[in-house]
Amino acid sequence: MTATSFRRKTVSTARRWWRQLTSMRTALVLLLILALAAVPGSLLPQRNLNIEQVRGYFADNPELAPILDRLWAFDVYASPWFAAIYLLLFTSLIGCLLPRLRDFVHTLRKPPPQPPARMDILPQHQHVDEQVDADHAAAVLRKNRFRVSVLRRDTDVVVSAEKGFLREAGNLLFHFSLIGLLIGMAYGSLHGWYGNRILVAGETGAFCNSLQQYDEYGLGANVTPSDLAPFCLQLDDFTAVFLDTGQPTRFTADIQYGQDGQAPHEPYRLEVNHPLELDGASVFLLGHGYAPVISYTDRYGVTQVSTTPFLADDAMLTSTGAAVFPDANVDPETGEADPNAQIAFEGIFMPTVPDDPPFTTSISPDLDNPGLMLVGYRGDTGLDDGQPQSVYSVSPEQIADGSLDIVDVDPTVLSIGESWELDDGTEVTFEGVLPYATLQVREDPGEILVLVFAITVLMGIVPALTVKRRRIWVRVGPDGTSLGGLTRTEYDGFDEEFHQLADIIAGRERQPEKMGSLTP
């Protein structure tokens, strides 16, 4: 094969694949595939929306969750396979819409087509023995928003009229708006970011807008950590109103914020769907829960306090969590810690403890009778190794390999202020409860584009579905006047519209004042 023939074959193959990619059929198939690809994002929890549910899924499905995670199932809309479908659809839409736009503009510049030689072959037709005024016929059609051209010949005069171009205009607007939506979403993905944070009430729970202080975050490809706006947030109080069934009816977080590096000082009441806007970022309230305050007094009399959020397991906010004390039982004389005397607790928190056993599930999400059931573990917590661990549970690996042994005591439900003495004389106390709010900080610079194009999608789809394309011809000749009509898209009302216009043109009926507005 010569170089010239190889080049021709390559160009021919590329053209054939390009025509296939830019066909409307391919665009519709890709749109369907994109919709199917988005299904996992609605069925599985997503990190950028609710990190707590993702953690819960990992806890409930320890074998399946890592496999799904490698397939980007918890970050569907940021996955490479979703982006590939997205880009193919984008290319296909542009490739098939540009020729359609060119043809539409060309059609608008052309006069309406001439009628067939015989009007009686058209679906709608009439013949009048009298010769009507061609200028009058053209005026009637123009009044009803038809594009009209008048051709005067030696033997006859032909009036050609066409209407319904708004259908194709709306169709093009709809599809170009879809492209605009894709551009807006892509721009927001590249230049936007998000961060999730559980914010415990009180000054010690305050945080500032830096990646290190987020529980989970995601940055767009064109965003660096230094691009994050400098502001700080502090939760003062959280109020939740529940029905008897446990269904929440209102969440309200009283917070303080400070901008430009200032400490939180400006008050704000944060509610669901009413975000706080700070330096281009929006702070959303996603949920709430409780953080038990647990103190542990070791064998040397040193007391340490842990305030750890417990994650809700049900609608009644029965929550599970852990409190780990890796620096417990340090000999004050030598300053050395016994690596096998570290202590950790795992437990269940109940906002309202039931009156009768089993005491494992709360009967209300309100803090009416809070109780905490703990299980203790003693040994090496594994935190000294520098390996990352979940703050919401005791390391299962340390328990499995025997580094942590369960404390040989029965779990006890503690009320606020009650203590539990362990077998070595040390003591753990349930000091109290603090509320926490689950916040998401998000900056999406593409949301304005998405909003604008979402509106134009609706503006385009209405005429695309309601407007009908049709043509009407009037030929005035020596043997009288022939009228004919043809629709490009079938609809039931054209028969009535044609005969009404024919009667007006022939002088058998007067033009209704509002007829033009009734036939788009």
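Asn273 lies in the loop that runs between strand 9 (266-271) and strand 10 (276-278), where helices (H or I, at least four residues) and strands (E, at least two) are DSSP runs numbered from the N terminus. The model is a predicted one, in which local features need pLDDT of at least 70 and side-chain atom pairs count only at pLDDT 80 or more, while totals for chains, interfaces and linings use all residues. Residues are numbered from 1 along each chain as its sequence is written, and side-chain values use heavy atoms, with hydrogens and water left out.

The phi of Asn273 is near 65 degrees, a positive value in a residue other than glycine. With a relative accessibility of 67%, Asn273 counts as exposed; in this scheme buried means under 20% relative accessible area, exposed over 50%, and partly exposed in between (1.4 Å probe, protein chains only). A positive phi of about 65 degrees is also found at Arg145, which is not a glycine. Arg145 belongs to the loop between helix 7 (134-143) and strand 2 (147-152), and because its relative accessibility is 44%, Arg145 counts as partly exposed. Most residues other than glycine have a negative phi, and most peptide bonds are trans. A cis peptide bond, with omega of about 5 degrees, joins Pro357 and Pro358, and Pro358 lies in the loop between strand 15 (342-350) and strand 16 (371-379).

Across the whole protein, 12 helices and 22 strands are assigned. The radius of gyration is 36 Å, whereas a compact globule of 520 residues would have a value near 24 Å; the radius is taken over C-alpha atoms, and the globule rule is 2.2 Å times the number of residues to the power 0.38. Taken along the principal axes, the C-alpha atoms fill a box of roughly 125 × 70 × 45 Å. Of the 520 residues, 44% are buried. Among contacts (heavy atoms within 4.5 Å) with a separation of 6 or more, 64% are made by residues 24 or more positions apart. The accessible surface comes to about 27500 Å², and 56% of this surface belongs to carbon and sulfur atoms; the areas come from the Shrake-Rupley method with a 1.4 Å probe, and for residues only the protein chains shown count as cover. The protein carries 38 positive and 67 negative charges, whose mean positions are 31 Å apart. In this count Lys and Arg are positive and Asp and Glu negative, with His and the chain ends not counted, and the place of a charge is taken as NZ of Lys, CZ of Arg, CG of Asp or CD of Glu.

Helix 6 (residues 80-109) contains 30 residues and reaches 44 Å from its first C-alpha to its last, close to the 44 Å expected at 1.5 Å a residue; the expected span is 1.5 Å times one less than the number of residues in the helix. The buried residues of helix 6 include Phe82, Ile85, Tyr86, Leu89, Leu93 and Phe104, as well as Ser92, Gly95, Cys96 and Leu97. Their cover includes helix 1 (3-21), helix 2 (24-37) and helix 8 (165-191).

Helix 11 (residues 494-505), with 12 residues, spans 16 Å from its first C-alpha to its last, close to the 16 Å expected at 1.5 Å a residue. Among the buried residues of helix 11 are Phe494, Phe498, Leu501, Ala502, Asp503, Ile504 and Ile505. Glu497 is also found in helix 11, and because its relative accessibility is 5%, Glu497 counts as buried. The C-alpha atom of Glu497 is separated by 9.9 Å from that of Gly485, 12 residues apart along the chain. Just after helix 11, Gly507 takes a positive phi of about 85 degrees.

Val476 is placed in strand 21 (residues 470-477) and is buried, with a relative accessible area of 10%. Not counting residues up to four places away in sequence, Val476 touches Gln131, Val132, Ala134, Thr155, Asp156, Val157 and Thr481. The C-alpha atoms of Val476 and Leu228, 248 residues apart along the chain, are separated by 74 Å. Val305, in strand 12 (residues 303-307), counts as exposed at 55% relative accessibility. Leaving aside neighbours within four places in sequence, Val305 is in contact with Val293, Ile294, Ser295 and Phe325, and a separation of 17 Å is found between the C-alpha atoms of Val305 and Ser393, 88 residues apart along the chain.
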